[in-house]
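This report describes the architecture of a two-chain complex and the contact between its chains. The sequence and structure are shown first.

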Amino acid sequence: MSDFYEVGPAEPVVISTRVDKVSPKARREHNVRAAIVIAIAMFCLLPIFVMSMTAFKTRSDAVSAPPKLLFKPTLEGFVFLFTERALVPPARAQELLASDTTDLSLFERVALSSGQEITGPSDYVGRLKNSLIIAGVSTIFSVVLGFFAAYAFSRFDVPGKDDLMFFILSTRMLPAVVVTIPLFLMYRQFGLHDTYQGMILLYTVFNLSLAVWLLKGFIDEIPLEYEEAALVDGYSRIQAIFKIVLPQAMTGIAATVVFSLIFAWNEYAFALMLTSDKARTAPPTIATMLGRGGIEWSAIAAGSLGFLIPVAIVVFLLRDYLLRGVTFGAVRR
Amino acid sequence: MAQIELKQVEKLFGEKYAVKPMDLTINNGEFVCLLGPSGCGKTTTLRMISGLETASGGTILLDGENVTWHHPSDRDIAFVFQLYALYPHMTVRDNIAFPLQAEGMNKDDIDTRVSEVVDILRIGHMLKYKPGKLSGGDQQRVALARALVRRPKAFLMDEPLGALDAELRETMRAEIKALHIAQNATTVYVTHDQVEAMALSDRIVVMSAAEVQQVGTPAEVYYDPANLFVAGFIGSPGMNVLKGQLDGDVVRFLGNNNTLPLPARYRIPLLTTLDADKNVIVGFRPEAGTINADGSMQGEVYAVDMHGAYKLLHVNLGDVPDTHEPTIVHLRTDRMASNPMGSQLRFTVDPAMMRFFDPKSGKAILPSQTDQTDRQPVEVLSTTAEGQA
């Protein structure tokens, strides 16, 4: 044993779970770094913070200038988001408020306090469901198809490989607005307008180019020897892909999933043009809330908050793979 | 265990030969090294045997069965890669068990087989780790274990020690050799390191420029190179080769007044092979020269390398008239001998160690089989205890 406890470490200790072992300089530097990271994170999260606040504000609080930081929270935004309402005549409203309100639900009471009566559920939940189905399925399709295409491009002598790769990329070159009108006409003709199939097909095709390019890069990084080892170990190529390539491409797959999902999830222009009701997704729905009898900022904020959650969950679930992706290539393999 | 036969096997990449048609038979239990500079086609040959590369022509027989078009997984051959190719997402144990799982073996049998090879290679303490945590030597041990566990017909190794540092390489070389002797498994080993090839193999296949230059035991390729490439490639430094002219009983060297007596057993073969100009190339190993004041060879010490156990002299026999390049031969001398740079010396060459090459084809001219004078004693190199008995 050294005389560590009396004298302390010979060299300044930079990282330790014991605070008293870390040299003051290293601790200060660590604190500075942490403060910078927190400041950046705060700055990035500011819009979400404002959005969350607005979701709990009343109509008048939401538009007040300067914005109120202290306010009485209300569920008005959420009530407006999830329900269709009708105005109640003021006399009837007084009467209802005066009577016992305990048999009314929370939502009904909130609606009544602003002089409204709930007439039925809004289409927000259905639209969110549409978004989930369309974005989810198209992401799965584009990642699965993209993975196999990328594998083939990476490992086989595909004739005209470079030209094909460029062709795949070129499908992404026209801005969405330019292609919506021809697509609209085609979709009308083929009966794909306002259908899940149509939207899933469209988003899959749109994400596929990204998926192929992204995944090819990741598969290129996986040394060929691993598969060759599996081949001589007695596995077929398809088994080698599933047992060897797939686990090692997980970082790339996670990144591709997130990119594809975010695109399909946020997509607005196509959804607005190519859907009307059955397959309409959340982004155009939230946007159209702007129009109906004054701007319901709190309802929009509440809707956006709900819209944010699924993507946040997916990224959270894939965080380990994504973080490994950040350090990809930094370690000698 | 198995016999591997290559019949006129070739590989073309586009129009270019990666391996020119070659014949090779690797016997059951034999350790054969494919040795050559990088890009000579040795790895391609190995990959064709494994099935990772398809042959452009010819047939590959494994125990008499034509496997030329078999999938690698159907050949029952194990491959050890230079960079180990251990699956990074699996533990060491799973890596070793992986080939057995392909056969659909049940769990108990897998456990028995894994613990067997783990004992042989002494890697029991690292089974739970991922390969990334292990040192290079340990990773290669695991890779060997993964190859061994299947009890394949043959082992193919592609520079398995190439990524290790010098000291470890020597240890692992001894381990591979011990392993081969214990298992007596047919092994084909690719390396560019002649020390490795010499130390490990029963036979060496020297390759260069997509062609087999010579197939022979380590002693054969060292003492009796088939051509000038092998003469220069094997040994460090390689064989000394000098351009000369046959003049009666002596060989006269160009550009200086040196001569060497012609060993009797070479007289008739040389006279029948050489052109009218009698030009010939003489080769001898550095250790064949002896410093001797009465020697027929004379030169100036150009440089001296201390190798610890011996000194290597670079002797300039005289500048080439046209280019003024020195004509250097290497001589091995005692470490205590003093031959300062610039000093003159004379030396003789052991006639038993002299070799002759045809300057046109570069091929060795073989001595007469009937004339046994000056013949070097036949060296028996055996690696096993049984072999020496």
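The text below takes up confidence, overall composition, the strands and sheet of chain B, a helix pair of chain A, and the interface.

**Confidence**

The model is predicted. For the complex, the predictor reports an ipTM of 0.79 together with a pTM of 0.78. In chain B the average pLDDT is 88, and 95% of the residues reach at least 70. Residues 381-389 of chain B, by contrast, have a pLDDT below 50, and this stretch makes seven contacts in the model beyond near neighbours in sequence.

**Composition of the chains**

Chain A contains 17 helices and two strands, while chain B contains ten helices and 21 strands. The C-alpha trace of chain B extends over about 75 × 45 × 45 Å along its principal axes. Of the 333 residues in chain A, 31% are buried; of the 389 residues in chain B, the buried share is 41%. Contacts between residues at least 6 apart in sequence can also be divided by separation. In chain A, 76% of them join residues at least 24 apart, and in chain B the corresponding share is 66%.

**Strand pairing in chain B**

Strand β1(B) has pairings with β4(B) and with β2(B). The table lists these together with the pairing of β3(B) and β8(B).

| Strand | Partner strand | Sense | Bridges |
|---|---|---|---|
| β1(B), residues 4-13 | β4(B), residues 57-62 | antiparallel | five bridges |
| β1(B) | β2(B), residues 16-26 | antiparallel | seven bridges |
| β3(B), residues 31-35 | β8(B), residues 186-191 | parallel | five bridges |

Individual residues locate each of these pairings. I4(B) lies opposite L62(B) of β4(B). F13(B) has K16(B) of β2(B) as its bridge partner. β1(B) and β2(B) form a hairpin with two residues between the strands, and there G14(B) adopts a positive phi near 65 degrees.

**The six-stranded sheet of chain B**

Which order do the six strands of the open sheet follow? In chain B the order is β6-β7-β8-β3-β9-β10, and the pairing is mixed. β6(B) and β10(B), the latter covering residues 211-216, are at the edges; each has a single partner strand, so one side of each lacks a neighbour in the sheet. From one strand to the next, the twist averages 15 degrees. In a regular strand, side chains alternate between the two faces of the sheet.

**A helix pair in chain A**

Helix α7(A), residues 124-155, packs against helix α10(A), residues 196-221, at an angle of about 40 degrees, and their axes are 6 Å apart. The crossing of α7(A) and α10(A) is right-handed. The residues of this contact comprise 20 nonpolar, six polar and two charged.

**The interface**

How many residues of each chain take part in the contact between chain B and chain A? On the side of chain B there are 17 residues, in contact with 15 residues of chain A. The elements of chain B that supply two or more residues to its side are β6(B), residues 77-80, and α2(B), residues 92-102. By class, this side of chain B divides into 13 nonpolar residues, three polar and one charged.

Technical notes
Residues are numbered from 1 along each chain as its sequence is written. Chains are lettered from A and ligands numbered from 1 in the order in which they are written. This is a predicted model: local features need pLDDT of at least 70, side-chain atom pairs count only at pLDDT 80 or more; totals for chains, interfaces and linings use all residues. Two strands pair if DSSP finds at least two bridges between them. Helices (H or I, at least four residues) and strands (E, at least two) are DSSP runs, numbered from the N terminus. pLDDT is the predictor's confidence in each residue, from 0 to 100. Two residues are in contact if their C-beta atoms, placed from the backbone, lie within 7 Å. Axes are lines fitted to C-alpha atoms, for helices over the stretch in contact, and angles run from 0 to 180 degrees between N-to-C directions. A crossing is left-handed if the near helix is turned anticlockwise from the far one by less than a right angle, and right-handed if clockwise. Ala, Val, Leu, Ile, Met, Phe, Trp, Tyr, Cys and Pro count as nonpolar, Asp, Glu, Lys and Arg as charged, and the others, Gly among them, as polar. A residue is buried if 20 or more other C-beta atoms lie within 10 Å of its own, exposed if 12 or fewer, and partly exposed in between; C-beta atoms are placed from the backbone.
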